[in-house]
Amino acid sequence: MSVSRTQVLRYRVHAQQLDRSPRKDRRPDDAALLDLGVQDTGPDGALWALALRGVPVTAHHWPSELALAWTLRASPHAYRRADLPAVEKALRPWSEADAAKRVINASAPLASAGIPVLDALATVSRTMREVVDEPMVKGTLSTRMTAELPEPYLRWCAACHATHMYEMPFRLAALHAGLELEPYTSPPVVRRIPRWPASQVGNVERADDSDDGPWDVLRGLLHLLGPVTPKQAAVFLDSTVRDVKARWPQDAVEVDRDGASILDADLAALQDPPHEPLVRLLGPYDLFLQGRDRDLLVPDKAHHKPLWPTIGRPGAVLADGEIVGTWRPRAKGKQLALELDEWVPWSGRTRTAVGVEHERLAEFRGMTPA
């Protein structure tokens, strides 16, 4: 089958519910993004992403129905609190190779010491659970963990002029220890998840069944960012292509776009996606911008570096399925201005809609537009 770029982008807008209107009677955890996790990086992180999907949330008012944890790519993500035990099981490494890929440079010293990464993650998570007997600032936890663990788990950090744990296993082990992040804390505060199952503390072994049940990262990725190739999925998940292919859903259908696939149930929506002209101010780490097929999302490579710099990402202006520019917040007191970069000349309708979204963002932050 032949699938056009326009079909793909319009499908993603709809699958990610960017075309949903706000409703005050909607639950804070009523969003498809939470099936995969919503990255919470920067002031316009998870809650703004949910607000853009019509969820009645505002900045600085974290809903009790949501929880925050270090998960995908060791970044903080929001989830439905009720889903956390299932999320932990689904995020257990698929294999020793997968675990080594996720912890990046921490795998080499562990291998030299003859310690499997899966065993290391289990050790770190059990130790972390014992240490965190009350809410604890990350730096304090790091110091305590350094005192508890032997050399293969530790490294000299030139930036800090100190010895401490490798960052990736430190973060990735937290959820396996039954720990969550306290929202709005910087530096992060780690705390125990209430009523966490004791059987899941330090248990990183997967069941033989390849089906992760209702919370499955590959299925969530195929649904929300499809079509996706196994290689793109592996990069998104910090996994190996071999492990991803071994877990590839049987109902994934390959479409004619570099071997990319989508779930069979989503095929009709991809072929004939609903389309409503809209403008959205996407946060810097919005899922719509997180696909690993950047050339598809932004064909002009001259715009890649301004949109995805190594440090200090801007937000993106989405107009009718296309990224047409970037935005940065400029707050002064209780007023919020925007610094806009138009990649193409905007129409009057687009400019007016950006103004409306500016007002929406300001209201979300409890400010007034300037």
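Trp70 is buried, and Phe170 is buried as well, where buried means under 20% relative accessible area, exposed means over 50%, and partly exposed covers what lies in between, with a 1.4 Å probe and protein chains only. The model is a predicted one, in which local features need pLDDT of at least 70 and side-chain atom pairs count only at pLDDT 80 or more, while totals for chains, interfaces and linings use all residues. Residues are numbered from 1 along each chain as its sequence is written, and side-chain values use heavy atoms, with hydrogens and water left out.

**Aromatic rings**

The structure holds four aromatic pairs, a pair being two rings of Phe, Tyr or Trp (its six-membered ring) whose centres lie within 6.5 Å, with planes under 30 degrees apart counted as stacked, over 60 as edge-to-face and the rest as tilted. Two of these pairs are set out here.

| Pair | Centre to centre | Angle between planes | Class |
|---|---|---|---|
| Trp48 and Phe364 | 5.1 Å | 55 degrees | tilted |
| Trp70 and Phe170 | 6.0 Å | 55 degrees | tilted |

Helices (H or I, at least four residues) and strands (E, at least two) are DSSP runs, numbered from the N terminus. Trp48 belongs to helix H2 (residues 46-52) and Phe364 to helix H15 (residues 348-365), so this pair ties together parts that are 316 residues apart in sequence. Both Trp48 and Phe364 are buried.

Two arginines also meet aromatic rings: the charged end of Arg73 sits over the ring of Phe236, 4.5 Å from its centre, and that of Arg155 sits over the ring of Tyr166, 6.0 Å from its centre. A charge is said to sit over a ring if NZ of Lys or CZ of Arg is within 6 Å of the ring centre and within 35 degrees of the ring normal.

Just after H10, Asp238 takes a positive phi of about 55 degrees.

Most residues other than glycine have a negative phi, and most peptide bonds are trans. A cis bond also runs from Ser186 to Pro187, with omega near 5 degrees, and Pro187 is found in the loop between strand E7 (179-181) and strand E8 (189-192). Gln17, in the loop between helix H1 (5-15) and strand E1 (38-39), has a positive phi near 65 degrees and is buried, with a relative accessible area of 17%. Asp320, which is not a glycine either, has a positive phi of about 55 degrees; Asp320 lies in the loop between strand E12 (315-319) and strand E13 (322-332) and is partly exposed, with a relative accessible area of 28%.

**Nonpolar cores**

A nonpolar core is a set of buried Ala, Val, Leu, Ile, Met, Phe, Trp, Tyr and Cys residues joined through side-chain atoms within 4.5 Å. The largest one has 111 residues, of which Leu50, Met128, Leu141, Met145, Leu282, Phe288 and Ile323 touch the most other members. Helix H6 (residues 117-131) gives the most to this core, with eight residues. Another core, of nine residues, lies apart from it, and among its members are Ala15, Ile262, Leu267 and Leu296. Leaving aside neighbours within four places in sequence, Leu50 is in contact (heavy atoms within 4.5 Å) with Pro28, Ala31, Leu34, Val38, Val55, Val57 and Leu66.

**The chain as a whole**

The protein chain has 15 helices and 15 strands, and of its 370 residues 55% count as buried. Its C-alpha atoms fill a box of roughly 60 × 55 × 40 Å, taken along the principal axes. Among contacts between residues at least 6 apart in sequence, 64% join residues at least 24 apart.
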